[in-house]
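Colleague: I have not looked at this structure before. Please take me through how to read its features.

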Amino acid sequence: MYSVLILFVFLFIISLSLTIYILSNFNKLEARRRLRTLAGQEKTYEAKEGTAKQKRGGGKSSLIRLIGKLMPLDKYLEDKKQLIIKARLLIKPEEFLSISIIAACTALMLMHLIFSNVLLDLVAMLAGFQVPLIYIRRIKKKRSNKLGDQLPDALNIISNGLRAGLSFVQAIMIAVLGGTSPDGGE
């Protein structure tokens, strides 16, 4: 019994680590892919996606298509797409749903192995499903706070530029060039 518990804890830690790694390094991986595309070493995303859709008969994975047949996911995926865009993450809503399902299943298995109580299993599954959503909302909130902190300085630069005789567009360009991105980069 303990060896099974240790195995599932080990698998949980690995899956959690991979999820965190993918979410935290996805921007770097996407930047590398874009550079390879611009250098002509790789097909564009649209070309790849078109080829992949032709091969598998659609743009969604078989698991997502199966779930989509059981319940409509369009509204859910559209809401998550907007949240992902606001958080400036480079993942698809379908990938986010897959991560949420994996987190829910992992939490369910762990809770079942530890307590073997159906009620606690369901609570753990719901909590596991919400963990990626909480993570993305936290990223979005941090970005919004940084943007809010930078807004007064940007407005001050724009107003000073207008007083100095620059056009509105020139003043905005100076504010953009002189400021930092809310993502932390220049």
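Modeller: Start with Leu-120, which sits in helix α6 (residues 118–163). Helices (H or I, at least four residues) and strands (E, at least two) are DSSP runs, numbered from the N terminus. This is a predicted model, where local features need pLDDT of at least 70 and side-chain atom pairs count only at pLDDT 80 or more, while totals for chains, interfaces and linings use all residues. Residues are numbered from 1 along each chain as its sequence is written, and side-chain values use heavy atoms, leaving out hydrogens and water.

Colleague: Is Leu-120 buried or exposed, or partly exposed?

Modeller: Buried means under 20% relative accessible area, exposed over 50%, and partly exposed in between (1.4 Å probe, protein chains only). Leu-120 counts as partly exposed because its relative accessibility is 34%.

Colleague: Which residues make a nonpolar surface patch with Leu-120?

Modeller: Patches take residues with over 30% relative accessible area and no salt bridge; like charges are joined within 9 Å, and nonpolar side chains (Val, Leu, Ile, Met, Phe, Trp, Tyr) within 5 Å. Areas come from the Shrake-Rupley method with a 1.4 Å probe, and for residues only the protein chains shown count as cover. Here Ile-114, Phe-115 and Leu-120 make a patch of about 290 Å².

Colleague: How is the span of helix α5 read?

Modeller: The expected span is 1.5 Å times one less than the number of residues. Helix α5 (residues 93–115) has 23 residues and reaches 32 Å from first C-alpha to last, close to the expected 33 Å. Its buried residues include Pro-93, Phe-96, Leu-110 and Leu-113. After α5 comes Ser-116, with a positive phi near 50°.

Colleague: How many salt bridges does a search of the whole structure find?

Modeller: A salt bridge is a side-chain nitrogen of Lys or Arg within 4 Å of a carboxyl oxygen of Asp or Glu. The search finds one. Lys-75 pairs with Asp-79, their closest N and O atoms being 3.4 Å apart. The two are about one helical turn apart because they lie four residues apart in helix α4 (residues 74–87). Lys-75 is exposed at 61% relative accessibility, and Asp-79 is partly exposed at 38%.

Colleague: What does the secondary structure of the chain come to?

Modeller: Seven helices and zero strands. Of the 186 residues, 23% count as buried. A contact means heavy atoms within 4.5 Å. Of the contacts with a separation of 6 or more, 57% join residues 24 or more positions apart.
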